[in-house]
Amino acid sequence: MAKKRPQTKGQPKGNKAQLTDGEIPVVGAREPCPCGSGRRYKACHGRAAAHAVTELVHRPFEGLAGEGDWVALRELVPAATVRLTLKDGLPEGVPSVTLATVLPMAWPGLRREDGSVLLGLQNDMASGDLSRDLADTLKQALATEPGNPVNGRRAPAEGPRLQDLLDPAAAFEPEVHTGFEFWVPDSESATPDVAASLERANAAAIPTVKLTGVDAAYWCETPEKNHLRWVMPHPEEQLLDALARLHAAGTSSLGEGTRLVGSFRAHGLMVPVWDLPSGVTAADVEKPAAEFAERLTAALATDAPLTPDERRARGGLTNRQVTLN
């Protein structure tokens, strides 16, 4: 069998005009590349696109107002919403844009009948840049016909990020809910699929409350004990040193029966976690959390070498870190 003559790299197939890099759309990996080279997309312009979408952005919410709350709503809080403010204002026919931890049927986004938009935060994303994926879903939702969900897709490698679409000066104020009734204006009119999804989500939701006296701290209730999970913006090494100083000094707790037990690492930020007795409520830890914030600020300002006890405390805290993403 005669071998096929290889095409010259970059040579257009037939008379099809080649596109510039900026004009080439994303297609299936095995489809012909839209640039007209005659090669499959994955072997042509898809190479750069694949690299771009898999490169991990460790702090996808950096630069957004309320970065700690973005992380908490993505990883820790079951049911919450936040009204978002777009940098260029709302398009005609879109009365509001709301971020939600989870949407029914795990939809990435939803355009309601009244034109308002809901953007889901806790969905699986196709790329390594959560901000770009969410921005792509938001743009799709703004252009979707009212009454329809948004289908998930791979975001264009050069598409905008949330930092390009949202007003950086607008406040980010999460509202934590006891359930997911915010999904539908009238739960009695929900479709059977949405009603079933709502029932399952409500049954699985852990009671959660946002503290009011400090930033990005969330109390939650579990059957055996309660917890406080606090997303902190400080550099990890500096924060570990400060927590170790407080732990070694016996001042890392939030009151009697409470204990700093470790931390999560999520989206480039550390999330210290305290165990609380089951009878301790969110209101009970408001004042102790504010007092701890003052002690932490002083410890963060200390640059003296760690003592042996502090180094041991730091090692214990480091061993009890769990990475969420």
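Biologist: Is β10 mostly covered or mostly open?
Modeller: Mostly covered. In this predicted model, six of the eight residues of β10 are buried.

Biologist: Which way does β10 pair with β11, and over how many bridges?
Modeller: The two are antiparallel, with seven bridges between β10 and β11. They form a hairpin with two residues between them. A266 has L269 in β11 as its bridge partner.

Biologist: Which residue in the turn has a positive phi?
Modeller: H267, at about 50°.

Biologist: And β10 with β12, parallel or antiparallel?
Modeller: Parallel, over three bridges. S263 stands opposite Q321 in β12.

Biologist: What is the strand order in that sheet?
Modeller: The order is β7-β8-β9-β11-β10-β12, an open sheet of six strands with mixed pairing. β7 (208–210) and β12 (321–323) are the edge strands, each pairing on one side only. On average, neighbouring strands are turned by 25° against each other, direction ignored.

Biologist: Which helix packs on the sheet?
Modeller: Helix α6, residues 236–248. It touches β10, β11 and β12, and the direction of α6 makes about 25° with that of β11.

Biologist: Back to β8 and β9. How many bridges join them?
Modeller: Five, between residues 217–221 of β8 and residues 226–230 of β9, and the strands run antiparallel. C220 has H227 in β9 as its bridge partner.

Biologist: Different topic. Why is helix α2 described as largely enclosed?
Modeller: Because eight of its nine residues, in the stretch 67–75, are buried. Buried here means under 20% relative accessible area.

Biologist: Which residues of α2 are the buried ones?
Modeller: E67, G68, D69, W70, V71, A72, L73 and R74.

Conventions:
Residues numbered from 1 in each chain as written. Predicted model: local features only at pLDDT ≥ 70, side-chain atom pairs only at ≥ 80, totals over all residues. Heavy atoms only, no water. Buried < 20%, exposed > 50% of the residue type's maximum accessible area, 1.4 Å probe, protein only. Helix = DSSP H or I, 4+ residues; strand = E, 2+ residues; numbered from the N terminus. Pairing = 2+ DSSP bridges. Axes fitted to C-alpha atoms, helices over the stretch in contact; angles between N-to-C directions. Contact = heavy atoms within 4.5 Å.
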